[in-house]
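Please open the model in your viewer and keep the selection tool at hand. The tour moves from one selection to the next and says what is found at each stop.

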Amino acid sequence: MHTGQAEEIRDWTDGAARLLGTLDSLRVAITIFDPADRLAYANAHLSYIFPFLPPLSELLGRPYEEFVRLELEHGFVAGSALTGGPEAFVAARLKQLRGDEFIPRDLPLADNRVLEIKARLAPGGYSILLWSDVTAARAQFARLEEAIALTADAFAFYDADDRFIMGNALYAQLVGVSLEDMNGAKFVDILDRVTGSGRLVLDEPSDEWREQRLRGHSEPASAFTVRTITDRAYLLRDRATPDGGRIVVFTDVTDKTRTEAALAEQIDALARTRSALDASRARAEKQKSYLADLMRRLDQASIKADTAKTTLLRTMSHELKTPLNAILGFSDLMISMADKLKPDQVREYAGLVHHGGSNLLRMINQIMDLTKISAGRYELRRTRVDGGNLMWQVCEEFLVRAAAKSLIIDTKGCAAGLLVDADETVFAGMLHNLLDNAVSFTSRGGHVRLSGAKAPRGQIALAVEDDGPGVPADDLARIMEPFEHAGAMAEHPKGAGLGLTLVKALAELHTGELVLTSAPGAGFCATLLMPGAR
């Protein structure tokens with residue numbers, strides 16, 4: 001042997017010694033078994049895990065089955081692992097070593113520790129077993145399972161392969177699939193079972209709802225409301241985890257949904273009551289106290305909000321109180337002077353009360369609509385709507401007002417056949433708001449033009465244009481914010497400044513857009529870009 005060969009062998013021997021020394025320092029036991037299942041190598045940590053074993057030098061060559069039986073002989077294994085009997089336990093362990101079951105196996109010990117055993121085949125028919133103490137990790141997992149079992153929400157966890165790994169009984173009850181059947185199942189398979197089970201009340205075809213749910217499941221975070229056939233409402237939140245998995249949570253919001261519906265009905269009933277002459281002072285005072293308390297709570301909440309929210313709430317408080325003060329003032333006057341008022345005066349005061357109540361109702365409805373939209377709870381019932389015909393119908397409502405101001409409303413550009421995919425009632429309200437602005441702020445003897453045309457990307461453009469005083473270009477973005485006015489609107493405000501805000505929000509809810517163009521002295525044009533219907 002020449003010098004070069006000797007140095008090469010020495011280097012290889014030194015490298016192997018360093019590798020074995022490194023393996024001995026690991027906090028994981030490593031064992032290698034030959035094709036006959038006899039121990040060929042073990043690092044030092046094996047003696048730490050199995051203190052009852054003889055020295056490593058005496059273990060080499062012994063079969064794996066002998067290791068397993070030594071565990072049983074020394075009472076090393078917890079009784080929970082032996083429910084099928086000792087022989088079944090030994091057979092399962094041997095199958096992991098030589099079978100095709102390479103899923104990590106937990107081994108509960110009599111001293112309450114838990115070992116995880118991982119098996120892998122190596123070249124030449126050898127098998128490698130890795131032994132890790134996972135007691136702390138399993139205890140933490142058990143605490144997590146206990147926590148989600150006790151929570152009032154329905155929880156489910158999916159891994160990076162989108163397979164179900166854990167959930168609580170409430171989640172299984174909601175989807176109608178047992179936890180055992182869901183274990184390891186793909187999310188899309190569980191979704192298909194839920195969609196076809198009829199347990200949910202769907203406001204759209206099941207295939208469209210399924211696609212929408214899958215889109216939300218692929219986003220970083222999504223949330224929407226679902227209803228069950230038992231008349232329960234749930235807020236469904238779906239969020240990605242740092243390791244690529246998903247967390248799905250259902251929160252019962254049935255009471256909150258019913259309270260909001262009841263509140264909406266109460267506000268509508270109160271608005272109708274105020275318009276009648278027999279509304280009592282006690283009821284008006286009660287409503288005033290309720291609204292005052294609402295304003296106080298809103299003011300307290302605004303202290304914790306940022307500057308923009310503070311400005312919004314203060315303005316809303318002023319806008320709500322203005323029509324309410326008019327209602328209460330004229331109601332008090334009619335009550336105190338009921339015997340002295342003439343019929344014409346009663347009619348006049350009643351008209352002012354009705355006008356104030358209508359303004360208040362419209363403002364509250366606009367605020368509630370904006371709140372629903374921002375919370376993702378505004379539901380659209382979309383259908384095919386002829387945009388040109390709808391503009392003609394909305395125009396009919398303003399002919400008397402336009403004639404009183406000698407305004408000309410030009411509808412020649414409202415072509416029929418421009419089909420829009422929209423909620424017809426909501427869409428009509430959007431056009432009504434735009435035309436109301438145009439008629440309100442156009443000078444006497446002016447013109448208002450309505451037009452519709454096809455736009456790029458399959459959209460339909462519907463425009464309301466006037467030759468009024470216009471708005472500076474710098475203010476166009478601002479006037480679409482709540483309670484904002486600009487130009488002639490700022491000098492003579494005729495509303496709370498919510499109309500354009502609501503139209504913009506509803507357009508975006510339809511996947512459309514509101515575009516404003518104007519300049520001082522050059523009129524004002526509001527264009528709705530709405531999705532076209534197939």
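## A tour of rings and a pocket

Begin by selecting R27 together with Y48: in this predicted model, R27 lies over the face of Y48, at 5.1 Å from the ring centre.

Next, turn to the aromatic pairs, of which the count comes to twelve. Select F52 and F76, whose ring centres are 5.1 Å apart and whose planes stand at 65°, so the pair is edge-to-face, since an angle over 60 degrees counts as such. This pair links distant parts of the chain, 24 residues apart: F52 sits in the loop between helix 2 (45-49) and helix 3 (56-59), while F76 belongs to the loop between helix 4 (64-73) and helix 5 (86-98). F76 is buried, with a relative accessible area of 9%.

Now select F164 and Y171, where the ring centres are 6.2 Å apart and the planes meet at 10°, so this pair is stacked. Both F164 and Y171 are buried.

Finally, go to the largest pocket, which has a volume of about 1,900 Å³. Of the 44 residues that line this pocket, D203, Q212, Y378, E379 and L380 are the closest to its centre. To see which elements contribute, select strand 8 (200-201), helix 10 (206-218), strand 9 (221-228), helix 11 (254-274) and helix 14 (343-374), each of which supplies at least two residues of the lining. Colouring the lining by residue type would separate 17 nonpolar, eight polar and 19 charged residues.

Methods:
Residues are numbered from 1 along each chain as its sequence is written. This is a predicted model: local features need pLDDT of at least 70, side-chain atom pairs count only at pLDDT 80 or more; totals for chains, interfaces and linings use all residues. Side-chain values use heavy atoms; hydrogens and water are left out. On a 1 Å grid over the protein atoms alone, a cavity is a set of points where a 1.4 Å probe fits but cannot get out, and a pocket is an open set with protein on both sides within 12 Å along at least five of seven lines; lining residues have an atom within 4 Å of a point. Grid points are joined across faces, edges and corners, and a volume is the space filled by probe spheres set on the points. Helices (H or I, at least four residues) and strands (E, at least two) are DSSP runs, numbered from the N terminus. Ala, Val, Leu, Ile, Met, Phe, Trp, Tyr, Cys and Pro count as nonpolar, Asp, Glu, Lys and Arg as charged, and the others, Gly among them, as polar. Rings of Phe, Tyr and Trp (its six-membered ring) pair if their centres lie within 6.5 Å; planes under 30 degrees apart count as stacked, over 60 as edge-to-face and the rest as tilted. Buried means under 20% relative accessible area, exposed over 50%, partly exposed in between (1.4 Å probe, protein chains only). A charge sits over a ring if NZ of Lys or CZ of Arg is within 6 Å of the ring centre and within 35 degrees of the ring normal.
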